[in-house]
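Some labels given to parts of a protein rest on a cut-off.

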Amino acid sequence: MNNNENEIGGKTLKLKDLKSLGLNVPEFTYITSSQIQKIISSEGTIKKSELNELVSNVVKSFKYETYAVRSSALIEDTKEESFAGQFKTTINVKEESLPKAIQEVIIHAFEFLKGKIENFSIIIQKYIEPDMAGIAFTRNPSGGREM
């Protein structure tokens with residue numbers, strides 16, 4: 001895990017905050033925007049050897065049966081705008097499928113961000129099968145507060 005907070009998105013920062021408060025957050029690590037830039041070319045192709053090395057390093061220190069690979073864009077969920085649901089998430093990923101899942105999330109972000117991958121990082125979490133899951137929105141896009 002890299003400590004450069006300028007290279008991780010708001011979602012990762014919030015998870016770190018929740019963890020520091022002692023809340024029950026599934027274990028996680030992250031891939032910074034500069035690490036992602038090293039494994040993708042300016043044309044959007046993945047450098048397989050760099051990806052495999054990154055995954056190897058992640059798995060050495062963060063070994064679980066299954067993972068969730070999630071976006072954490074640096075431009076996501078700011079005061080000005082939200083990209084909720086716009087980036088790819090891959091869940092219930094086994095270790096041998098981790099390179100493919102990370103690649104898919106990066107390629108999707110590269111396309112969505114029109115190549116501006118410097119605005120993107122990834123969270124890798126221990127996958128936990130939920131009893132239930134969902135989101136509650138408390139702000140109406142037209143300005144009011146409502147649930």
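Q: Why is the pair Lys100 and Glu104 called a salt bridge?
A: A salt bridge is a side-chain nitrogen of Lys or Arg within 4 Å of a carboxyl oxygen of Asp or Glu. The closest N and O atoms of Lys100 and Glu104 are 3.4 Å apart, so the pair meets the rule. This is a predicted model, in which local features need pLDDT of at least 70 and side-chain atom pairs count only at pLDDT 80 or more, while totals for chains, interfaces and linings use all residues. Residues are numbered from 1 along each chain as its sequence is written, and side-chain values use heavy atoms, with hydrogens and water left out.

Q: Where do Lys100 and Glu104 lie?
A: Both are in helix 4, four residues apart, which is about one turn of the helix. Helices (H or I, at least four residues) and strands (E, at least two) are DSSP runs, numbered from the N terminus.

Q: Are Lys63 and Glu95 buried, partly exposed or exposed?
A: Lys63 has a relative accessibility of 53% and therefore counts as exposed. Glu95, at 30%, counts as partly exposed.

Q: What makes Leu18, Leu21 and Leu23 a patch?
A: Patches are made of residues with over 30% relative accessible area and no salt bridge; like charges are joined within 9 Å, and nonpolar side chains (Val, Leu, Ile, Met, Phe, Trp, Tyr) within 5 Å. Leu18, Leu21 and Leu23 form a nonpolar patch on the surface, with about 290 Å² of accessible area together. Such areas come from the Shrake-Rupley method with a 1.4 Å probe, and for residues only the protein chains shown count as cover. Leu21, in the loop between helix 1 and strand 1, has a relative accessible area of 65% and so is exposed.

Q: How do you know that strand 2 and strand 4 pair?
A: Two strands pair if DSSP finds at least two bridges between them. Strand 2 (residues 66–71) and strand 4 (residues 122–126) have five bridges, so they pair, in the antiparallel sense. Within this pairing, Ala68 stands opposite Gln125. Strand 1 and strand 4 also run antiparallel, joined by four bridges. There, Tyr30 has Ile123 as its bridge partner.

Q: What is the order of the strands in the sheet, and why do strand 1 and strand 3 stand at the edges?
A: Four strands form an open sheet in the order 1-4-2-3, with antiparallel pairing. Strand 1 (28–31) and strand 3 (90–94) each have a single partner strand, so one side of each is left without a neighbour in the sheet.

Q: Which strands does helix 4 touch?
A: Helix 4 (residues 98–112) packs on the sheet and touches strand 1, strand 2, strand 3 and strand 4. Contact means heavy atoms within 4.5 Å.

Q: Why is Val58 called buried, and which residues does it contact?
A: Val58 has 9% relative accessibility, which is under 20%, so it counts as buried. Val58 is found in helix 3 (residues 48–61). Leaving aside neighbours within four places in sequence, Val58 is in contact with Thr29 and Ile124. Thr29 is itself buried: Thr29 and Ile31 point one way from strand 1, and Phe28 and Tyr30 the other way.

Q: Is Lys114 buried or exposed?
A: Lys114 has a relative accessible area of 73%, so it is exposed. Lys114 sits in the loop between helix 4 and strand 4 and has a positive phi of about 55° although it is not a glycine.

Key: Axes fitted to C-alpha atoms, helices over the stretch in contact; angles between N-to-C directions. Buried < 20%, exposed > 50% of the residue type's maximum accessible area, 1.4 Å probe, protein only.
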